[in-house]
Amino acid sequence: MPPLALFVLIWGWVDQKNEAMGLLRGLVRGLSGKVTGTHGLERRELIQAAHSTIVVAAFLEVLTEELGPRRKLTKHDQEHITTVTTQPAVEYLYRAMIPAPLAAQGFDEQLNQVKLWTLVAADHTGKFFSGLPDQDKPVLDDEFLVRVLGRYESRYLELAAAVPEFLIWAGLNEHAATRSVINGLHDSVRTAFETQGDALARLEALLSLPRTGEAPSPDLIALHRANQGVLTRPFVPTTERGDLEVTFPTIERIFVTPRYQITQHQATSRLADENWWDEQPVWHELDLMLAAYLTTRAATQAPMLLLGHPGAGKSLLTKVLAARLPAAEYTVVRVSLRDVQAGAPIINQVQEALDHATNHRVRWTDLVDQSADMVRVVLLDGLDELLQATPHDRSGYLQEVERFQEVEAAQERPVAVIVTSRTIVADRVIVPEGAVVVKLEQFDKRQIGSWLERWRTANEAAISSGAIGELKLDGALQHPHIAGQPLLLLMLALYAADPTSPRLDEDLSTAALYERIFDSFARREVLKHAEHPPHGDALTKAVEDQIERLSIAALAMFNRGSQHVSEADLEADLRHLCADRAVAGERVLGEFFFVHAPEAIERVKVRSYEFLHATFGEYLVARYVVHELRRVALAARYNRDGANDDRLFALLSHQVWALRTEIALFAHHILQTLPGELGLLRTILAELARTFRARRRFSTLEAYRPTPVDTVRAQAVYSANLVLLATAGARQSPQEILGDTPDEALSAWRSAIALWRTLEVGEWSTIVIALMVSTSHGQHGGLISFGDDSAEYYAAVLAQDVVLAGRHAYALGFGGEITLFHPNTREFVLGQISGRLLGKHAVVDLLGPADQVGVEGLADIAEALRLLLRVRFDDLTPEEAEEYRAFIVKYGGATSGA
């Protein structure tokens, strides 16, 4: 409902007519009846309008009661009211936005939003009536506010008893009035709220309540069946269990709803910073939040960004959500971004996913027309993998999604979009202001216990017979940082399933857990296939050879910029990199648990391989490269000609490590387990980084070609990866790595940055951002921003080009950039003030400049603020004006003229 209702009522009162109030009261009484019997988009629009109506009605009813019987106004009175009413007050009555429910708010937060709206509405209403004699003016005081909020809450609870969306929206299951409301619900609604099934079953029950729509078309039913069929599949393909006698539960049985954190993105949000997230509250009942989100208008205006660590269950959640959304109300398309063209527009990616799911039977345009009266939902799973799969800059991907939603809404086909990504790359994309951001939290003790109970139920017979071991809750809780992630909890359960596995250390890192697990599985593979089982050193070597082959498979995927590799490409890489050149891909990977081997039938059968989770491959890449670096370093001691880095160059000259942050993190953890060798490794990394331009071309691995020949690119990628590896492992600065003297180091460093500029923009930007993070030692406070313009600034800072860095900082501030850190705060803030002076944006960030700017810089900022106050005073909020005056007084002297 538009805010015009407030203006209509006041004007109606002035004109001594009550038709508006009567109509409004009637509308409130009939709201639940109007919503009942509707479904899909019509229902969603009606309940949004219903909420706006009760907000306005609560204010107007109490205002009418406050006014009471008044004397009739004379024509002079009416003219006086109209004359003294300020234009901003009238404009407010037309334009003020009525607060709408949001998934990021509970009922208390919603009450607060209504309170703020009421305070502003009361202020403008008071101005409207300011021309009346005192005895005729309404008293809009604190008591008035309390009465409005009480009336709103009463109306809200009345609607919640008949319209379940109101109960879902506000999370009333945790509100004081919950039990009385739920007890008064219709049996079907109460049953839905109390559903205790698996895998978001309550969400499906709640969103199925309308049940009044026509039967979906055959295409929509086919799509829903494809989505729903996921629930009955084992959550790990049964062919991937290796020789363990384990039974993998179905997705429906094993899925445990995680806890979550939620926020609306603002300029000050630090979405990739764990310290920032630690300050946010943790919530339960993710199913209710998702149900609430999908019934709000905000869901179709901007994408939700769903974050989580590797293995947190993001992909599994999207599969379950796609399966649970009822076909009569929702049309759901799940897009695995790892399986579509990374550089394609959103609409093409959606269509490609539909082609995969339906064998080219369904077009998106046909689908939306067939579901015109439904809510369309697109689930874009794996933004981090898309960013890693393309060298092009896709930092604006979420903005592209927002534009996609705008276009669909303009065609009266609104669509809700949820995008998943790893938390650690959240600063590599531009998140729309106000977008809902959700972060999946680790399992707590109860959830870990629930998962283990489900695992035991599926494997009861094997555990009872002693065929496999059992991971008990006490054992899992010895590793809370590991057991809290669903994927790693599975790894713990599989490790424990082997009765011969040694006990795990309590302070185990993720890298150490992976090492134990890979060793355990490789050992069983060796013993299972050996005609004469090896022992001692022979067994150790055979296990290492097995893991080496797996690592080559991981490199085959990574160096091709893909999450999978064909059998032909893998066998080619094994021939070039493996000592046993006759080994076949099927022999290496075909029965190994960590690898999935889908087959495609074209003219001939084509087999490809992919890891069940990307982190398996990332760990193996880091492990293999660190082992090769150790070999190079040890061999260099006895080689007069210096280090022979033929193999290392072949491995590190194809893809930039910065695109896959987890690889660098794994490498860092592995290096920390080698304290006695770190000095030697630092030395060899410095030598290789300084001499890479003069290195001789490798010959023994000339045929290893995962990417086309590009000599300049190979040199750029290799040098960048050496520097990234050095800064991640040894915490050295680039200057220390590239030269003995400061001048020599700086010259080499600037030369390296220039070389990296020859790479694709996305690659170069990512390298610069990664180095800025690793070399700033936390000085940025989490305020590293991502994008081409920011990367130019950071590159200038790293190159110690003070003048250029200052110019870029000014340009960033002028363009409205929010997050930056010293040493160019002066230029940055002056750029923001200049942008504000010209009306380009409304951003001036004075957080912390006193700590980062000298006396002269503070005086410059104060002088610029004086000018801003003179020129743009009418555009500033009272809070902004006061903040700027205080800054001027403190750092710029007298405020004369301000």
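Strand 1 and strand 6 (residues 436-440) pair over five bridges in the antiparallel sense. Two strands count as paired if DSSP finds at least two bridges between them. Strands (E, at least two residues) and helices (H or I, at least four) are DSSP runs, numbered from the N terminus. Ile262 stands opposite Val438 in strand 6. The model is predicted, so local features need pLDDT of at least 70 and side-chain atom pairs count only at pLDDT 80 or more, while totals for chains, interfaces and linings use all residues. Residues are numbered from 1 along each chain as its sequence is written, and side-chain values use heavy atoms, with hydrogens and water left out.

The sheet is open and is formed by six strands in the order 1-6-2-5-4-3. Its pairing is mixed. The edge strands are strand 1 (260-264) and strand 3, each of which pairs on one side only. From one strand to the next, the twist averages 20°.

Strand 2 is largely enclosed by the rest of the structure, because five of its five residues are buried. Buried means under 20% relative accessible area, exposed means over 50%, and partly exposed lies in between (1.4 Å probe, protein chains only). Both faces of strand 2 are covered. Met304, Leu306 and Gly308 are buried on one side, and Leu305 and Leu307 on the other. Strand 2 runs parallel to strand 5, joined by five bridges. It also runs parallel to strand 6, joined by three bridges. Leu305 takes part in both pairings: its bridge partner in strand 5 is Val419, and it stands opposite Val437 in strand 6.

Strand 3 (residues 330-336) is mostly covered, with six of its seven residues buried. Seven bridges join strand 3 to strand 4 (residues 375-381), and the two run parallel. Tyr330 stands opposite Val375 in strand 4. Helix 21 (residues 397-410) lies across strand 2 (304-308), strand 4 and strand 5 (415-422). The helix runs at about 170° to strand 5. Such angles run from 0 to 180 degrees between N-to-C directions, with axes fitted to C-alpha atoms, for helices over the stretch in contact. Contact means heavy atoms within 4.5 Å.

Helix 27 (residues 510-529) has 20 residues, which should span 28 Å at 1.5 Å a residue. The expected span is 1.5 Å times one less than the number of residues. The end C-alpha atoms are 29 Å apart, which agrees. The buried residues of helix 27 include Leu513, Tyr514, Ile517, Phe518, Phe521 and Arg524. Among the elements that cover them are helix 26 (486-497), helix 28 (536-558) and helix 31 (614-636). The charged end of Arg524 sits over the ring of Phe521, 4.3 Å from its centre. This description requires CZ of Arg or NZ of Lys within 6 Å of the ring centre and within 35 degrees of the ring normal.

Ring pairs link Tyr514, Phe518, Phe616, Tyr619 and Phe666 into a cluster. Rings of Phe, Tyr and Trp (its six-membered ring) pair if their centres lie within 6.5 Å; planes under 30 degrees apart count as stacked, over 60 as edge-to-face and the rest as tilted. The structure holds 20 aromatic pairs. One of them joins Trp749 and Trp756, edge-to-face, at 5.4 Å centre to centre and 80° between the planes. Trp749 counts as buried because its relative accessibility is 0%. Trp756 counts as buried at 1%.
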